Amino acid sequence: MQVQHLLEQNSIASKFLAELRDVSIQRDRMRFRRNIQRLGEILGYELSKSLNYNKIDINSPLGAASMHLPEKDIVICSILRAGLPLHEGLLNYFDEAENSFISAYRHHPFDDERFEIIVEYLASPSLEGKTLILADPMLATGRSFVNVFNALQEMGTPKQIHLVSVIGAEEGVEYISQNFPENTKLWIAAIDKKLNEHGYIVPGLGDAGDLCYGEKVQH
């Protein structure tokens, strides 16, 4: 798997990520969502450099211009609910993309820190021969990405797979590298060192879904 780590170089993305992490700023849900959306736009721009392009002629008022435009075969799939702002950021740039939505949540069957990832809802077009962009802002253990990808298998085999995330843990990045096709590409803003005993990224930023949309009732 190829990993494109955005913050290996300094850019304005660092400002948006810093605000996402900052406990004094992240209380503003609208700003939190917007910063994830901004990072989705930046990651989408970087991702766009690796897509397939076709040469076409465009007529301007003063003549013809040859341009290279990306193939119209993109499907953006986000993992509900935290993936929605990231999805919107990607959709701002790939505005002709098809869209797929899937649910994944942590289930604690043993009343302790052990959990499993449950996938219940899927709405998706065919993925056969298309370019799949799978988006989830937090790449913690990596199991959400893997379980969701497994659930998508019934929708066909994409020709390209791009994973997009805001923050990941080294453990999760290693896990998905072992469980996705070799030609998969991961586009991520920051990679943190570890997970805590609850499976959350440290230092991370907390629960992205709650920070976007408010706390949920656990069941």
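Buried means under 20% relative accessible area, exposed means over 50%, and partly exposed lies in between, for a 1.4 Å probe and protein chains only. I56 shows how the terms apply: it counts as partly exposed because its relative accessibility is 32%.

The structure before you is a predicted model, in which local features need pLDDT of at least 70, side-chain atom pairs count only at pLDDT 80 or more, and totals for chains, interfaces and linings use all residues. Residues are numbered from 1 along each chain as its sequence is written, and side-chain values use heavy atoms, with hydrogens and water left out.

Let me begin with confidence. pLDDT is the predictor's confidence in each residue, from 0 to 100. The protein chain averages 91, and 93% of the residues score at least 70. Confidence is lowest in strand 6 (residues 105-107), with a mean of 58, and highest in strand 12, at 98. Helices (H or I, at least four residues) and strands (E, at least two) are DSSP runs, numbered from the N terminus.

I return to I56, which is found in strand 2. Together with I58, M67 and L69, I56 forms a nonpolar patch on the surface, with about 300 Å² of accessible area. Strand 2 (53-60) and strand 3 are the elements that give two or more residues to this patch. Patches are made of residues with over 30% relative accessible area and no salt bridge; like charges are joined within 9 Å, and nonpolar side chains (Val, Leu, Ile, Met, Phe, Trp, Tyr) within 5 Å. Accessible areas come from the Shrake-Rupley method with a 1.4 Å probe, and for residues only the protein chains shown count as cover.

I turn to charged pairs. Side chains of opposite charge can pair when their charged atoms come close. A salt bridge is a side-chain nitrogen of Lys or Arg within 4 Å of a carboxyl oxygen of Asp or Glu. How many salt bridges does the structure hold? There are eleven.

One of them joins K72 to E96, with the closest N and O atoms 3.7 Å apart. This pair links distant parts of the chain, 24 residues apart: K72 is in the loop between strand 3 (63-70) and strand 4 (74-80), and E96 is in the loop between helix 3 (83-93) and strand 5 (98-103). K72 is exposed, at 73% relative accessible area, and E96 is exposed as well, at 57%.

Another salt bridge brings together the side chains of K193 and E170, at 3.3 Å from N to O. K193 lies in the loop between strand 12 (185-192) and strand 13 (194-195), and E170 lies in helix 5 (residues 170-179), so the pair ties together parts that are 23 residues apart in sequence. K193 counts as exposed, at 63% relative accessibility, whereas E170 is partly exposed, at 38%.

Finally, I consider D192, which has its place in strand 12. Is D192 buried or exposed? D192 is buried, because its relative accessible area is 7%. Contact means heavy atoms within 4.5 Å; leaving aside neighbours within four places in sequence, D192 has contacts that include R21, E170 and G204. A polar atom of the D192 side chain lies 2.9 Å from the backbone nitrogen of G204. The C-alpha atoms of D192 and I74 are separated by 29 Å, and these residues are 118 residues apart along the chain.

Methods
Polar contact = N/O pair within 3.5 Å; in protein donor to acceptor, adjacent residues only side chain to side chain.
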